[in-house]
Amino acid sequence: MKKFLLSMAVALCIAGNAAAQLPGVVLKDINGKAVRTDTLSNNGKPFIIDFFATWCKPCNRELTAINEVYEDWQKETGVKVIAISIDQVQNSYKVKPLVDNHGWPYEVLLDPNGEFKRAMGVQMIPYTLIIDGKGNIAYKHNGYSDGAEDELIEKVRELIKGE
């Protein structure tokens, strides 16, 4: 009985932690498919969530800079990027053309009501999070300056070494 209770307590702790990691907000991808944010993952590897908007020049520079090294990052670490557009409903039609025009290979989700943005406490964009392989928020950063993507991949490498 003690083993059963202990395993139940461990399971509840794990479940409790999972629920507290990423909030469960339903967003749509750029093709209209619904995605729950609390199910975002990368098969046990770290992933990056990057909040952006079509009108945000630093956001676009950051996503473009990451794109230039993304293939190398994926080969080395397996990391993936999920870009979250915070464009409002009336501008959300601009997201897919922007993504296609830049050739960004990222999974792109739309947060037109800002629900996920608010749940994550995002005040300014670009806002970048690194989620570890267990679904925990391991790093947060807002703003972008040239070369900031180097710090991102260093954090990802640290996570992979620590796992």
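A residue is counted as buried when its relative accessible area is under 20%. In the present model, which is predicted, Tyr 70 has a relative accessibility of 5% and is therefore classed as buried. Tyr 106, at 6% relative accessibility, falls below that cut-off too and so counts as buried.

These two tyrosines form an aromatic pair of the edge-to-face kind, with 5.1 Å from centre to centre and an angle of 70° between the ring planes. Tyr 70 belongs to helix H2, whereas Tyr 106 is located in the loop between H3 and S5; the pair therefore ties together parts of the chain that lie 36 residues apart in sequence.

In total, five aromatic pairs were counted in the model. Another of these involves Phe 52 and Trp 104, whose ring centres are separated by 6.0 Å and whose planes stand at 90°, so that this pair is likewise edge-to-face. Through ring pairs, Phe 52, Tyr 70, Trp 104 and Tyr 106 are joined into a cluster.

Helix H2, which carries Tyr 70, also packs against another helix. Two packed helices are described by the angle between their axes and by the distance between those axes. For H2 (residues 57-77) and H5 (residues 148-162), the angle is about 25° and the axes are 10 Å apart. Since angles under 35 degrees count as roughly parallel, H2 and H5 are therefore roughly parallel to each other. Their crossing is right-handed. On the H2 side, the contact is made by Glu 62, Ala 65, Ile 66, Trp 73, Glu 76 and Thr 77, and on the H5 side by Glu 149, Leu 152, Ile 153, Val 156, Arg 157 and Ile 160. By class, the residues of this contact comprise seven nonpolar, four charged and one polar.

Helix H2 also contains Pro 58. With a relative accessible area of 28%, Pro 58 is classed as partly exposed, because this value lies between the limits of 20% and 50%. When neighbours within four places in sequence are set aside, Pro 58 is in contact with Pro 126 and Tyr 144. The C-alpha atoms of Pro 58 and Pro 126 are 6.8 Å apart in space, although the two residues are 68 residues apart in sequence.

Key: Residues are numbered from 1 along each chain as its sequence is written. This is a predicted model: local features need pLDDT of at least 70, side-chain atom pairs count only at pLDDT 80 or more; totals for chains, interfaces and linings use all residues. Side-chain values use heavy atoms; hydrogens and water are left out. Axes are lines fitted to C-alpha atoms, for helices over the stretch in contact, and angles run from 0 to 180 degrees between N-to-C directions. Helices (H or I, at least four residues) and strands (E, at least two) are DSSP runs, numbered from the N terminus. Angles under 35 degrees count as roughly parallel, over 145 as roughly antiparallel, 65 to 115 as roughly perpendicular and the rest as oblique. A crossing is left-handed if the near helix is turned anticlockwise from the far one by less than a right angle, and right-handed if clockwise. Contact means heavy atoms within 4.5 Å. Ala, Val, Leu, Ile, Met, Phe, Trp, Tyr, Cys and Pro count as nonpolar, Asp, Glu, Lys and Arg as charged, and the others, Gly among them, as polar. Rings of Phe, Tyr and Trp (its six-membered ring) pair if their centres lie within 6.5 Å; planes under 30 degrees apart count as stacked, over 60 as edge-to-face and the rest as tilted. Buried means under 20% relative accessible area, exposed over 50%, partly exposed in between (1.4 Å probe, protein chains only).
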